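Hello,

Here is the structure I promised to pass on. Please open it first, then read my notes below.

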Amino acid sequence: MPVLFVLFLPLFFPSRAAAVQIHGPPEGLYVHQMAHCIFAAAMIFLIYLLSKYPPGKGTAWKYLKISLFFFFMWNINALIVHSLDVRLPDDALFKTADFWKNRLNPPLTLERWVYFVTKHDHFWCVTAMFFLVISLRSLCRDTEQKLTMRKETGKP
Amino acid sequence: MNGFPLLSVYVVDFLGSSLMIVLSLTAFHYVNHLRKLEPRNVLWNYLFWLCLMLVTFALSRSLGHILKYIFIFMDIKHLWHHLAPFSGGWNTMTFVAVSALTFYYSNVRKVMAQVREDAKQIASANARLKEAHAALRQLNLSLEHRVEKRTRELKRSEQKFRRLFEGSKDVIFFCNAEGEITDINDSGVHLLGFKSKNEVLNTSLKEFFDDEEDWEVFFRNLLAHGDISEFEARLRRSDGSLLYLMLTATALKDSKSNMVSFEGIAKDITHFKEVTDTLIRSEKMASVGQLAAGVAHEINTPLGIILGYAQLMEEDFEDDEEVLDTLKTIEKQAKICRKVVADLLKFSRQSIERILAPIDIRQSIEEVISVMDHSLSMDQIYVELDMAKDLPPAFGDKEKIRQVFVNLINNAAQAIGKDGKIFIGADFDRENDMIEIYLGDSGPGISQDVMKKIFDPFFTTKGVGKGTGLGLSVSFGIIKDHGGHIDVQSPPKDQKLLEKGVNTVFYIYLPPMKDEESGQSES
Ligand SMILES: Nc1ncnc2c1ncn2[C@@H]1O[C@H](COP(=O)(O)OP(=O)(O)O)[C@@H](O)[C@H]1O
């Protein structure tokens, strides 16, 4: 994961600190970005561990891994968004008094398109959360089934 | 207006945040339920905390975003600028927490793996323990069964041998190394003249042996060879009577081949011995009788001639003292010879013709005594009579029966020597249908060794010329011819006789005359 971190560092170093709007002073942004890196690394690490040493069988664990993958993707997505937030020039966004009428100014470069797409980060994290829910629900059912079976057979 | 509208971004952001809140609360519900189902499950606990962090992050972020829209909507955007760093900072912290928890999973996994490994080992140890326990139980059970079965078999075997031991008509005995009786069966106890086993236990077997030499031979053989079989020994009962036993014994030896005990079986051969003794005696007598008869016949004629000529010559030399003395000696010795020959012929039972008639025993005895009384009283020997009046008559040769009485009285007198008493009695034993005559004397009695041989022909303890050793054997033969038998006891068993000072007593048993005999009197 440090590799990832290093990869993204040049993305925000050349940026103008004064231009940062969302997270205030640059340390905050840096910490936030680093946290995303660690988060992403952690997700990959957990997927790796769950694959190498599966704690159980069944779809629940598969869903959990999918959920983790989406969380990972969400982090990558967030990293990109945040760095683009910093990189895009102030005039890239056309800010109106009416917030809802804000626009992305031309020229519509690749960067700006990427920024626009990645701004829809909820596609990742809602999916991740959805898989987490169905994974947990399935775990609940499996466990309940296991417990009643134990009760019936009387085995400890 | 140029550019690309950002509205979709805001809409997705708003809806996404709301969905995130709903989903994260649902997720929390499930993970909490999961934890409640198995509160002790480490994995569930870990997942609970991981989800809690994810949920916290989702909630905080989503709530933050929603708040942003609310503020913008309410046109208090500047408030959002104040809140934004807090929301961002909080989000960052939840990221870190999620990451920390995630990285921590590897430890949790290791611990779980370790726990599972331990549990597996414990389970396998448990299983092995259970197996061992089951095996042990099985073993115990089968052991119990086996012990029960063995005990039953042992008991049966014990009973079998006990029955054999208790029921045997032969004596079965067990002795320790010193020869003391440690166990003996009832037959043994009774045969030795006791009533209960306790009287016999711990007494040395040696004490029952009448002849110490017998014991020594028996014991020495047992020590040397480890066993002895069919050893004939004379033992003495508690009441002093004799008992002949045939002993077979085996020694039990320890590892150093020292005898630790011995055990054996003894057969009562007293009766057998008596029968064979009698048989041997009569066999002996029969052969001697034949011989004697032959010799007697041959000698009788020359002897008669010698006697006749001696007497003739006595008449010729009446004046010559010296020759007359010599002739008289010849005559006397020839007469002794004739007596011996007569005795022999009597013994052979063929010599003299038999006169069969009823015999009044009482009268016969009285007649014999009246003849002998004189010479007996010379030696201060007195005869005491005690005869029943209603004796039935016997049947046979009166002379011969008388001869028996003469022989027995003579023996008694010779045994007494001088000054003593002879007791003669007769009675009818209805039970055995026998006339019983006894003749006791106050003489010195008869020793064990002599006792065995007194009925043998030519056995005598008396000096030459005094005894021929034929008296008793002839008497034995005569009584046997009459269907009776002679017995001797020294000392007598009869207490009354003992008190009177009797040391030797002869018993004569004769059958009474039968009805069909009364008619026939032959010569
Ligand atoms: N009443 C008795 N008391 C002691 N000894 C006796 C008596 N009767 C017989 N005997 C013994 O039995 C032996 C055999 O007796 P017997 O056959 O009559 O021959 P004998 O009188 O010629 O010796 C005698 O030598 C004597 O030792």
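Predicted model: local features only at pLDDT ≥ 70, side-chain atom pairs only at ≥ 80, totals over all residues.

The side chain of Asp441(B) places an N or O atom 2.8 Å from a nitrogen atom of the ligand. The side chain of Thr460(B) has an N or O atom 2.5 Å from an oxygen atom of the ligand. Leu472(B) takes part through its backbone: an N or O atom there lies 2.9 Å from a ligand oxygen atom.

How much of the ligand does the protein bury? Alone, the ligand exposes 530 Å², and the protein buries 93% of that.

Next, look at which elements form the shell.

Now move to where the chains meet. Two packed helices are described by the angle between their axes and the distance between the axes. Follow helix H2 (residues 42-73) of chain B, which packs with helix H3 (residues 59-87) of chain A. The angle is about 35°, and the axes are 14 Å apart. This crossing is left-handed. From H3(A) come Trp61(A), Leu64(A), Phe71(A) and Trp74(A). They meet Leu43(B), Trp44(B), Leu47(B), Leu54(B), Phe57(B) and Arg61(B) in H2(B). The residues of this contact divide into nine nonpolar, no polar and one charged.

H2(B) also crosses helix H5 (residues 122-153) of chain A. Here the axes come within 12 Å, at roughly 150°. The crossing of H5(A) and H2(B) is left-handed too. On the H5(A) side, the contact includes His122(A), Met129(A), Leu136(A) and Thr143(A). On the H2(B) side, Cys51(B), Val55(B), Ala58(B) and His65(B) are among the residues involved. The contact of H5(A) with H2(B) has 11 nonpolar, three polar and one charged residues.

Last, two backbone details in chain B. Most residues other than glycine have a negative phi, and most peptide bonds are trans. Which peptide bond is cis here? The one from Ser490(B) to Pro491(B), with omega near 0°. Pro491(B) sits in the loop between strand S12 (485-489) and helix H13 (495-499) of chain B. Asn202(B) is not a glycine, yet has a positive phi of about 70°. Look for Asn202(B) in the loop between helix H5 (197-200) and helix H6 (212-225) of chain B.

Best wishes

Key: Residues numbered from 1 in each chain as written. Chains lettered and ligands numbered in written order. Heavy atoms only, no water. Polar contact = N/O pair within 3.5 Å; in protein donor to acceptor, adjacent residues only side chain to side chain. Areas by Shrake-Rupley, 256 points an atom, 1.4 Å probe, with all protein chains shown as cover. Axes fitted to C-alpha atoms, helices over the stretch in contact; angles between N-to-C directions. Helix = DSSP H or I, 4+ residues; strand = E, 2+ residues; numbered from the N terminus. Left-handed = near helix turned anticlockwise from the far one by under 90°. Contact = heavy atoms within 4.5 Å. Nonpolar A, V, L, I, M, F, W, Y, C, P; charged D, E, K, R; others polar.
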